[in-house]
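Please examine the sequence and the structure shown below. The paragraphs that follow lead through the contacts between its chains.

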Amino acid sequence: MNRPIITLTTDFGTKDGNVGAVKGVIMRINPKVEIVDVTHEIKPFDSFGAAFTLNNFYRYFPQNTIHLVVIDPGVGSKRQPLLLQTPDFLFVGPDNGVFSFILQNEEIDEIISISNRKYFLSKISPTFHARDIFAPVAAYLSLGVDIREFGVPATECSQLFIPLTKASRRGIVGEIIHVDNFGNLITNIEEKSIQDERIKFIEIKRRRISQTAKSYYEIPEGNIGALIGSSGFLEIATNRGNAAELVKADVDTKVRIIFD
Amino acid sequence: MNRPIITLTTDFGTKDGNVGAVKGVIMRINPKVEIVDVTHEIKPFDSFGAAFTLNNFYRYFPQNTIHLVVIDPGVGSKRQPLLLQTPDFLFVGPDNGVFSFILQNEEIDEIISISNRKYFLSKISPTFHARDIFAPVAAYLSLGVDIREFGVPATECSQLFIPLTKASRRGIVGEIIHVDNFGNLITNIEEKSIQDERIKFIEIKRRRISQTAKSYYEIPEGNIGALIGSSGFLEIATNRGNAAELVKADVDTKVRIIFD
Amino acid sequence: MNRPIITLTTDFGTKDGNVGAVKGVIMRINPKVEIVDVTHEIKPFDSFGAAFTLNNFYRYFPQNTIHLVVIDPGVGSKRQPLLLQTPDFLFVGPDNGVFSFILQNEEIDEIISISNRKYFLSKISPTFHARDIFAPVAAYLSLGVDIREFGVPATECSQLFIPLTKASRRGIVGEIIHVDNFGNLITNIEEKSIQDERIKFIEIKRRRISQTAKSYYEIPEGNIGALIGSSGFLEIATNRGNAAELVKADVDTKVRIIFD
């Protein structure tokens, strides 16, 4: 029997000990669980960033992995704590859009609005549900408690607007939706929407990019190029440098592709 | 049988490989131990910060968890390596105040001044006792070695000054003792010292706060409010923003509460 | 039977979910493996930094530990994916010098140029071999697959230039090769090259240091001193402060030792 797995994705940083508290709560309820740190460095309150990050890793984990995602600026408000089940995974977190890509990509078997206080810590701080609600719920899930035990099916569920591209016969207009650790500018333009087209040039911040590449090293150092990144989106990038700094672009910057 | 647990709290950062060395030493001595990263991002040399962080998480872990805390600017000096036992936990680290909140909150069964070189690495660097002394001691502890084996009972033990509040019938004067990852300003004013009072206003940096809230989302965006945080201390906070930057306050900034 | 161990050293940061993807891939192939985070905070593209970090920790791990090191600016180019075997450890990573200290210090039993697609993910992104090649190879290695299965013996292997010191009877000239988390300036001057000498002074950035110490606390606060650090190299350091900032030095800054 393999150990059950809970992955952690938060905006807590580690220095305050809150991640420690979450891990302790989980391990006290299920000492046999395997806790996997994904990140605690999501930008504070950035639910979209968390949704994007989750989309980059969740599908690679073993079946039945529990993905706990807590970016929770609305903690203490009426936003629901949620539990999502798909054929392969379980997801636990607040109802604020962190599961937007999951809702878009996956078959959803069930969404539960978590309410059964039997699976919470006995004292609940209105500012730290990760420790007092989400962590114990994930831990009891990992012990095999049935998801219906935690609450009632949810009737609705928040979904963040994943910016849409605008396509015409002349080209596509998209935007930057994420800047990664290396400064690569990741757009919302998917590989499949351009794979059959011949690209004349790509425009960002009045700069024309004619260089399309397969990998970073193909872009001459100091130049800006474009490639399909490992998540299947078009990226504006450079070689051994930081494209976001070179182009002075950020999330929301527009990107236009002109076809031949 | 559950695997024994060692938690790690340091100011090492991870990029130099020192955390790696500590983990390797532990796993070589006890390959069955479960190592839990709490943080390696304590501000360099900040023993008080480590003490505060430890206080936020230690109690949530399973019984017999070993908490290893190494913020150690005095490494190589005569400051003692310590081992503390409480009814529930073991603590290992340098005698420089990192255990101040433990000494204040917990029943202490025993304090051992670590000296038995049998449980150290054979070569000891005068600048890296975490790797050469603390890690192997924690690992042998996790194997069940009796704490008396590691040295002799300590006669004294450093305790950092946890700043006291000054209370009168008119109010309380306290100060900021921690700024968290979100910029929340955490004071030394405990919930129990104000829960029976009616607050007229709170003053920090000549700013008067009349807004007391239960959770962050109740504070209008852009405003400053006050609430009881998840560790039981009064916090000066804002909603989806950074209160430390807005108020321009930091550790040591005075906070006054005026009662009605 | 102990669980097999894979350590991770990367420049990915954690916020994009790439580390999560690598961990998921490994755990899906070998759910019993123990993944140990060393760092994901190597400076982007800094192969030398990764080599230095690896040298600080690899030897402390249990025998048969698999060290996975991915700093990979040449991903998608012809740089080979490598597998190194030494009597104690296995190393997996790109052929760009991250194993320079291993090649210098250890007896190498075998170097394999990884090519057997049977052990890769089925779809390989040209920008993320960590997830699609290195992670699955490390996971299969941890299952006991013979190293010869992964490819053919490599005929050559990149080694970064580890800067040499210049010694004379009057002294030694070296340079800073690493700045650690505390701002300590670590030189390429090894303990053994100076241990039999009497040092008159040490010069860095026109500053003369006559203070040699055993540990940081011996250096008067605010002063600059020199000591042998925990990796066996001479360090320029201060006490409870940041020597790199005080001296305004960085990697490549020259350091001269003058003998008596």
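Across the interface of chain B and chain C there is 1 salt bridge, defined as a side-chain nitrogen of Lys or Arg within 4 Å of a carboxyl oxygen of Asp or Glu. The partners are B:Arg3 and C:Glu34, whose side chains meet at 3.3 Å, N to O. Between chain B and chain C, 16 residue pairs are in polar contact, both at pLDDT 80 or more; a polar contact is a pair of N or O atoms within 3.5 Å, where within protein one must be able to donate a hydrogen and the other to accept it, and residues adjacent in sequence count only if both atoms are side-chain atoms.

The model is predicted, with pLDDT of at least 70 needed for local features and 80 or more for side-chain atom pairs, while totals for chains, interfaces and linings use all residues. Residues are numbered from 1 along each chain as its sequence is written, chains are lettered from A and ligands numbered from 1 in the order in which they are written, and side-chain values use heavy atoms, leaving out hydrogens and water.

Contact (heavy atoms within 4.5 Å) involves 33 residues from chain B and 36 residues from chain C. The area buried between these two chains is about 2,900 Å², with 54% given by carbon and sulfur atoms; buried area is the accessible area (1.4 Å probe) that two parts lose on being put together, summed over both. On the chain B side, B:Lys15, B:Asp16 and B:Met27 supply 21% of the area buried against chain C, more than any other three residues.

How are the copies arranged? Chain B can be laid on chain C by a turn of 120 degrees and a shift of 0.0 Å along the axis, with an RMSD of 0.0 Å (least-squares superposition on the C-alpha atoms of residues with pLDDT of at least 70 in both). The two copies are therefore related as by a three-fold rotation axis. In chain B, the C-alpha nearest this axis belongs to B:Asp37, 5.2 Å away. The copies use different surfaces, for 3% of the contact residues of chain B recur in chain C.

Turning to chain A and chain C, the contact takes 36 residues from chain A and 33 residues from chain C. These chains bury about 2,900 Å² between them, 54% of it on carbon and sulfur atoms.
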